[in-house]
Amino acid sequence: MSPTDPIRFTCDSCGQSIKVPAEKAGKRGKCPACKEPITVPEPELNLADAIEEPSWIDALPEAESTKHSSDERSRPAIAKTTAWWDVVRADLWCAFACGVVALVWIGFLATALFGIDLLRRPHAYQEASDKPTAWGMFIFALSFTVVLLPFAVFRFVRTRRLLSFGVEVPFDVVKYGRYRSDMQDVTLEYLVNGKNFRKKLTIDADWAENGFRLLIDPEYPKRVLARPLN
């Protein structure tokens with residue numbers, strides 16, 4: 001039945017068959033036979049004849065999935081905006097370890113390629129000592145690399161994570177320690193999740209005088225990094 005077809009129904013009181021136009025649907029009146037009040041029913045539409053109109057929801061583009069694997073949640077990626085030189089400058093020990101490793105390998109290359117005797121042996125022994133000196137510098141450089149490179153990588157990754165995802169927390173300076181070469185030792189106390197932590201850091205003397213901020217790793221609160229206020 002279409003919306004324009006006449007409505008056919010029967011009176012509930014006398015059973016009289018009644019036919020009215022479709023626009024009378026829902027209106028009240030009297031049965032022409034028994035004069036009892038009646039209400040014209042709504043027409044019953046045939047779903048097969050109905051025209052399906054496209055929904056505005058169907059026109060929307062599909063949303064990208066926001067699901068992440070457990071591995072992605074547990075190991076957040078390092079922010080690409082943190083440059084490696086910023087990381088090295090932020091961690092004195094990382095810079096020291098990387099610098100020593102670089103220097104010993106430069107010394108090995110100088111010895112091996114140019115025959116420079118870094119031990120400054122007498123000229124009479126210079127020619128005979130070139131190869132032993134180069135081999136000795138190789139062992140020397142390799143030894144420093146094996147010892148210092150893992151330490152440098154660990155400090156680099158930790159510092160880069162702190163610079164990228166570190167959370168700033170309030171702290172108190174408990175004690176100022178030794179002052180040396182424009183560096184100052186400080187002992188700090190800070191509170192994370194109701195637990196009190198104490199940490200000793202060596203920071204720039206200007207920071208100790210003018211103030212600094214403290215970044216912590218949310219997953220490892222004992223990992224901290226001091227940064228200037230600006």
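Mentor: Let us begin with strand E7, which is mostly covered: 7 of its 10 residues are buried. Buried means under 20% relative accessible area, exposed means over 50%, and partly exposed lies in between, with a 1.4 Å probe and only protein chains considered. Helices (H or I, at least four residues) and strands (E, at least two) are DSSP runs, numbered from the N terminus. The model is predicted, so local features need pLDDT of at least 70 and side-chain atom pairs count only at pLDDT 80 or more, while totals for chains, interfaces and linings use all residues. Residues are numbered from 1 along each chain as its sequence is written, and side-chain values use heavy atoms, with hydrogens and water left out.

Trainee: Which strands pair with E7, and in what sense?

Mentor: Strands of a sheet pair through backbone hydrogen bonds, either parallel or antiparallel. Two strands are said to pair if DSSP finds at least two bridges between them. Here 3 strands form an open sheet in the order E6-E7-E8, with antiparallel pairing. E6 and E8 are the edge strands, each pairing on one side only. From one strand to the next, the twist averages 20°; for such angles, axes are lines fitted to C-alpha atoms (for helices over the stretch in contact), and the angles run from 0 to 180 degrees between N-to-C directions.

Trainee: How many bridges join E7 to E8?

Mentor: E7 and E8 (residues 195-204) are joined by 10 bridges. Within this pairing, Tyr190 stands opposite Phe197, and Leu191 has Asn196 as its bridge partner. The two strands form a hairpin with 2 residues between them, and Asn193 in the turn has a positive phi of about 55°. On the E6 side, strand E6 (residues 171-180) pairs with E7 over 7 bridges. There, Tyr176 has Val186 as its bridge partner, and Arg180 stands opposite Met183. The hairpin of E6 and E7 also has 2 residues between the strands, and Ser181 takes a positive phi near 45°.

Trainee: Is Asp185 buried or exposed?

Mentor: Asp185 lies in strand E7 (residues 183-192). Asp185 counts as buried because its relative accessible area is 6%.

Trainee: Which residues of the largest nonpolar core touch the most other members?

Mentor: In soluble globular proteins, nonpolar side chains tend to be buried together. A nonpolar core is a set of buried Ala, Val, Leu, Ile, Met, Phe, Trp, Tyr and Cys residues joined through side-chain atoms within 4.5 Å. The largest one has 14 residues, of which Tyr190, Leu201, Ile203 and Leu214 touch the most other members. At least two residues of this core come from each of E7, E8, strand E9 (212-216) and strand E10 (224-228). E7 gives the most, with 4 residues. Apart from this core lies another, of 8 residues, including Cys11 and Ile38.

Trainee: What does the secondary structure of the chain come to?

Mentor: The chain has 5 helices and 10 strands. Of its 230 residues, 27% count as buried. Gly136 is partly exposed, because its relative accessible area is 34%.
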